[in-house]
Every structure is written in structure tokens, then in C-alpha cells.
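Please find below a colleague's note on the model under review. It is set out as numbered points for reading beside the coordinates.

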Amino acid sequence: MREKNWWKKAVVYQIYPRSFKDSTGSGMGDIRGIIEKLDYLKELGIDAIWLSPVCKSPQDDNGYDISDYQDIDPMFGTLSDMEELIAKAKVRNIGIIMDLVLNHSSDEHPWFKEARKSKDNPYHDYYIFKDGVEGELPNDMCSVFGGTTWEWVPELGQYFFHQFSPKQPDLNWENPKVRKEIYDMINWWIDKGVEGFRLDVIDQIAKEPDHHITINGPKLHDFLQELSRETFQRANLITVGEAWGADLERAKLYSNPDGSEFSMVFQFEHIGLDQEEGKEKWDIIPLDLQKLKEVLTKWQQGLHSIGWNSLFWNNHDLPRIVSRWGNDKEYRVESAKMLATILHGMQGTPYIYQGEELGMTNSKFTLEQYRDIETINMIKDRRERGYSDDSILASLYAKSRDNARTPMQWDDSFNAGFTTGTPWLDVNPNYKEINAKSQMNDPDSIFSYYKKLIALRKEYPVFVEGDFELVFPENNQLFSYTRTFEGKTLWVLCNFYGEEVSIEIPEKLKGKKELLISNYQDIDSENVLRPYEARMYYL
Ligand code: TEU
């Protein structure tokens with residue numbers, strides 16, 4: 001039995017199933033592959049697995065386009081494999097968190113197939129249609145993956161609305177029948193023993209295309225509160241909404257301790273900091289450390305005791321953090337551990353994305369090697385707009401979603417031990433050096449470091465409860481803060497860069513202290529931090 005609010009002490013591991021472990025030789029990861037690796041995850045010490053979608057899907061957007069919410073895609077296995085995974089994880093005290101894609105379905109979902117048959121079909125109102133004339137778009141709204149949000153259906157003389165690909169028609173949340181179908185489906189999964197949900201682009205469900213509204217529609221929180229009442233509140237779950245449009249005020253609603261919406265949200269303010277303002281994610285600028293400190297401090301202090309943070313650097317949509325804000329060459333190990341130290345010292349629920357615990361890096365593909373729909377559309381679009389292939393590649397090396405999606409590197413054998421067949425996306429050639437097998441028994445590995453960070457969170461209440469204050473706020477090279485709870489202080493001290501830095505220890509942190517963890521063997525001098533040096537003290 002889980003205690004109430006168990007997710008406050010939990011560490012979550014995200015699995016991107018198609019890239020985790022292939023048990024059949026198909027070149028695609030699958031559920032039986034995950035079952036094989038449960039002991040690996042147990043060893044790491046995590047409490048829950050967030051599974052990116054495994055439901056039936058034409059895989060236009062790698063499963064974020066669902067055609068049957070109550071069945072498993074044959075590529076990943078069967079419903080009984082899923083039940084076995086839930087049960088075998090539970091034995092290890094690991095909860096399974098399903099990914100709910102509720103903003104849209106696949107165009108191959110039976111609801112949509114019916115909906116497009118006629119205007120008076122009972123399913124027509126499950127989606128958003130608009131009368132029109134071919135070639136004259138209802139308005140100028142743009143889809144996240146490029147192009148218009150409107151797709152013409154000649155049989156109907158109507159357009160339908162899609163915020164993502166045309167194979168992902170938006171569901172109409174205004175229709176109470178849609179909401180009821182969704183609640184029944186979620187309750188069915190709860191009855192199967194699932195222990196939580198991650199809610200895909202949940203801030204986009206209350207769209208109002210007539211008013212050009214996509215995120216944060218006026219009815220959003222009414223919908224979410226009804227959703228929570230009808231489903232989540234029956235069980236002791238961990239729920240996390242994905243909300244690119246969340247600011248602090250909204251996050252307080254999402255993560256209200258009264259449980260009226262979710263346990264927490266993913267907010268992305270820190271994630272956008274290396275992007276030119278008002279431009280696309282591909283238009284990259286260097287990270288300003290002061291801004292990163294400012295943003296994370298705002299969230300740490302802003303939600304303290306009145307909400308809850310999720311902590312993450314990575315997911316299946318984002319580049320690998322060690323390549324992004326660390327140094328994936330001469331200081332790969334040091335910088336991966338440093339970034340982990342910053343994140344795991346903060347208040348909130350930490351999320352680890354598969355391979356992050358090994359310091360896996362971005363991949364340098366050729367344009368033909370990319371598989372992601374967003375990336376493929378971007379290549380086409382930027383070529384048409386006259387960008388050079390070199391500039392396109394530079395953006396993709398930095399930001400393509402495929403960076404995170406290369407197969408998990410298990411060992412130094414053929415295809416990194418991921419598959420005996422041909423992997424659906426090429427393995428990063430650095431797998432001989434970076435893999436789980438070589439790290440698991442090495443006490444100095446990144447894997448062992450993550451394991452220790454997870455164990456510390458379970459041992460010291462200050463990780464869960466402590467308040468947050470920056471140390472050396474003006475320093476342009478350090479990311480340092482304290483967390484304080486019941487007279488005890490955790491002091492996190494990190495050098496964010498590859499040059500040494502000297503410090504003057506503030507008076508209040510001068511006392512006797514215990515070094516909980518560090519990414520260098522011994523401390524040469526208390527007052528000097530070597531490249532990417534990270535320490536956690538307890539005093
Ligand atoms: O992502 C939300 C989303 O808006 C992303 O497309 C994000 O903006 C983009 O990756 C940044 O470049 C969620 C899922 O995590 C993503 O994998 C899906 O493609 C998307 O929703 C649609 O379901």
C-alpha cells in the first residue's frame with residue numbers, strides 16, 4: 001500500500017518503449033523487453049515508470065496518435081503483456097504511469113472514422129469540424145508540426161481541426177459524451193492496477209478555434225476538475241499534466257494540494273531559455289546561467305508548500321542534457337553528474353529519462369537518418385525557405401527530438417544490446433564507451449551517482465520538505481543553493497562550467513558539514529571548484 005502523497009518522495013523513470021529494449025528482434029522495443037529490465041530499474045532505485053504511449057496506434061507520431069485507448073499496439077505486445085508488466089513492477093514496488101493522449105486521437109480511431117461519415121453521425125461532434133469551401137481555410141491557425149491546423153474532408157464539405165499532424169484530429173472536449181468515454185477508459189486502466197497518468201498537452205484540450213485559442217482555454221480548469229473528480233480521486237495516484245503554457249499561477253491550480261486537479265505539472269520555462277525570443281525552437285542562443293537560476297528559483301519558491309514541482313532536464317521531446325548544457329566530450333561524466341546534482345537537490349518529483357542515468361548524448365545523424373515527424377517536417381520547411389543543409393543540421397544536432405530517441409545503450413555488443421535485428425532508429429555510435437553494463441558495477445559511474453542521489457532523497461527529509469534559497473546569486477559560474485528543514489541544511493554547490501572557480505564560503509555555511517556526494521574523488525580545497533565540480537553538503 002502506498003502512503004498518501006507518496007509521489008512527493010518518489011523518483012520517476014521515463015521509458016520510451018520503442019527505444020528501450022527489443023525482446024523479439026523486430027528492431028522495436030516492446031513490453032516484454034521492459035519486463036526483462038525491471039531489475040535494472042529496481043537497482044537504480046526508482047519508484048515509478050512513466051511509459052510513453054503503448055496503446056494501439058498507426059505510429060504517425062510514435063504512439064501519440066491513439067486508435068484504441070484500451071488495447072496495446074501489436075508492435076509492443078499484447079494486453080496480457082501489459083498486465084504482466086503492471087504486476088511484475090508492482091512486486092518490485094514500482095508503479096506504472098500511463099501516458100494519456102486526450103487532446104486528440106488518431107484519425108484511424110473508430111470514433112473519427114464514424115465522425116467523418118456524415119454530419120449527423122453520432123460521433124461527428126466528437127471532433128471539431130467547420131463548414132467551408134475547399135482552399136479557403138477557416139482561419140490562419142498553425143499546427144505545432146507546421147502548416148495549417150485545418151484539413152479538408154471532401155465528403156463532408158468541412159474542415160477538421162488538428163493542433164498536431166493531420167493524423168491527430170483534436171477531440172471536442174465541449175461534448176459531454178467525449179468526456180464520459182474518456183473517464184470510463186481511464187477508470188478501466190485504474191482497475192487494471194495502473195498507479196498514475198501523465199497527461200499529454202493537457203493545457204490544449206480546452207481549445208476554441210473560433211477565438212484562435214489553443215492553450216489555456218477558458219474552460220480548461222473546469223474540465224480538469226471534472227476529470228479528476230470522475231477518475232483520479234478514486235485512487236491514490238501520481239498524476240502529472242504536460243503544460244507548455246503553465247505559469248506559476250496556473251501551476252498552483254494544477255498542483256493544488258487539495259487534489260482537485262493533478263499531483264503536479266511539467267512546466268517548460270527553463271527549457272525555452274536557449275531559444276531566441278519569439279522565434280522557433282531551432283533558433284538557438286547560448287544559455288544564460290543567471291536566467292536559469294532565476295527561473296528555477298522562481299518555481300522552487302513559488303510552489304513551496306502550496307503546490308508541487310516536477311523536476312526534469314530531459315524527456316522524449318528534448319535533447320540530451322549532457323550535450324545541451326553540459327560538456328559531452330572531455331567532461332561528459334563530470335558534467336552529467338553536476339547537472340544531476342542540481343536537479344536532484346531541488347524540491348519536487350525528479351524524472352529521469354532513459355539513458356540520462358548513463359550520460360547518453362545527442363546523435364549526429366545525416367538528414368536521411370532522422371525519423372521524427374517534427375524533424376522531417378522541419379527539414380522540408382526550412383529547405384523550402386532557403387536554409388542551407390548545414391544550418392538545418394546544426395539545429396537538429398542541438399534540438400531534434402530524435403536525439404533522445406536513439407536506442408538505449410545496454411552493453412558494447414552489436415546494436416548496444418538493444419536489438420538483434422535492425423533498430424528502427426540508428427544506435428548512437430558511442431555505445432561501446434557509454435553503456436549500462438560498463439557502469440552498473442563501477443562505483444564512479446554516472447549510473448552509480450544517480451543511484452546514490454535517489455537513495456539520499458529517501459534518507460534525508462530535507463530533500464522532500466526543505467525550502468529553497470540561492471547561494472552566490474550574483475556568481476556567473478556557480479549554481480548553488482540551500483534547502484532547509486527543521487534546522488538542517490542541504491547545501492548544493494555546483495560549478496556549471498569547465499573553468500575552475502574560487503569561492504568564499506558564506507559565514508552561515510562555515511560550520512561542520514558532512515559531504516553527502518561529490519563528482520570528484522576528494523576535495524582538494526574547500527574553496528576551489530574544479531571543472532563541473534558538484535558537491536552536496538549536509539549541515
Ligand atoms: O508534446 C507536446 C508538444 O507540444 C511537443 O510537440 C513539443 O512542443 C515539441 O516536441 C517541442 O518541439 C507532446 C508529446 O510529448 C509529443 O511527443 C507529441 O508529439 C505531442 O504532444 C503530440 O501528442
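1. Basis of the note. The structure is a predicted model, in which local features need pLDDT of at least 70 and side-chain atom pairs count only at pLDDT 80 or more, while totals for chains, interfaces and linings use all residues. Residues are numbered from 1 along each chain as its sequence is written, and side-chain values use heavy atoms, with hydrogens and water left out.

2. The side chain of D61 places an N or O atom 2.5 Å from an oxygen atom of the ligand. For D317, a polar side-chain atom is likewise 2.5 Å from a ligand oxygen, and for E242 the corresponding distance is 3.2 Å. Taken alone the ligand exposes 490 Å², of which the protein buries 95%; these areas come from the Shrake-Rupley method with a 1.4 Å probe.

3. N121. This residue belongs to the loop between α4 (110–115) and β6 (129–131), where helices (H or I, at least four residues) and strands (E, at least two) are DSSP runs numbered from the N terminus. N121 counts as buried because its relative accessibility is 12%; buried means under 20% relative accessible area, exposed over 50%, and partly exposed in between (1.4 Å probe, protein chains only). The side chains of N121 and E114 are joined by a polar contact of 2.9 Å. Such a contact is a pair of N or O atoms within 3.5 Å; within protein, one must be able to donate a hydrogen and the other to accept it, and residues adjacent in sequence count only if both atoms are side-chain atoms. A polar side-chain atom of N121 also lies 2.8 Å from the backbone nitrogen of Y123.

4. Positive phi values. Most residues other than glycine have a negative phi. V201, in the loop between β9 (196–199) and α6 (220–230), has a positive phi near 25 degrees. N415, in the loop between α13 (402–405) and α14 (436–440), has a positive phi of about 55 degrees. V201 is buried at 4% relative accessibility, and N415 is buried at 11%.

5. Nonpolar cores. The largest core has 152 residues, and M82 and F197 are among those with the most contacts inside it. A core is a set of buried Ala, Val, Leu, Ile, Met, Phe, Trp, Tyr and Cys residues joined through side-chain atoms within 4.5 Å. Another core, of 12 residues, lies apart from the largest one and includes V471, F472, L478 and L509.

6. R457. R457 and A10 are 447 residues apart in sequence, yet their C-alpha atoms are 8.7 Å apart.
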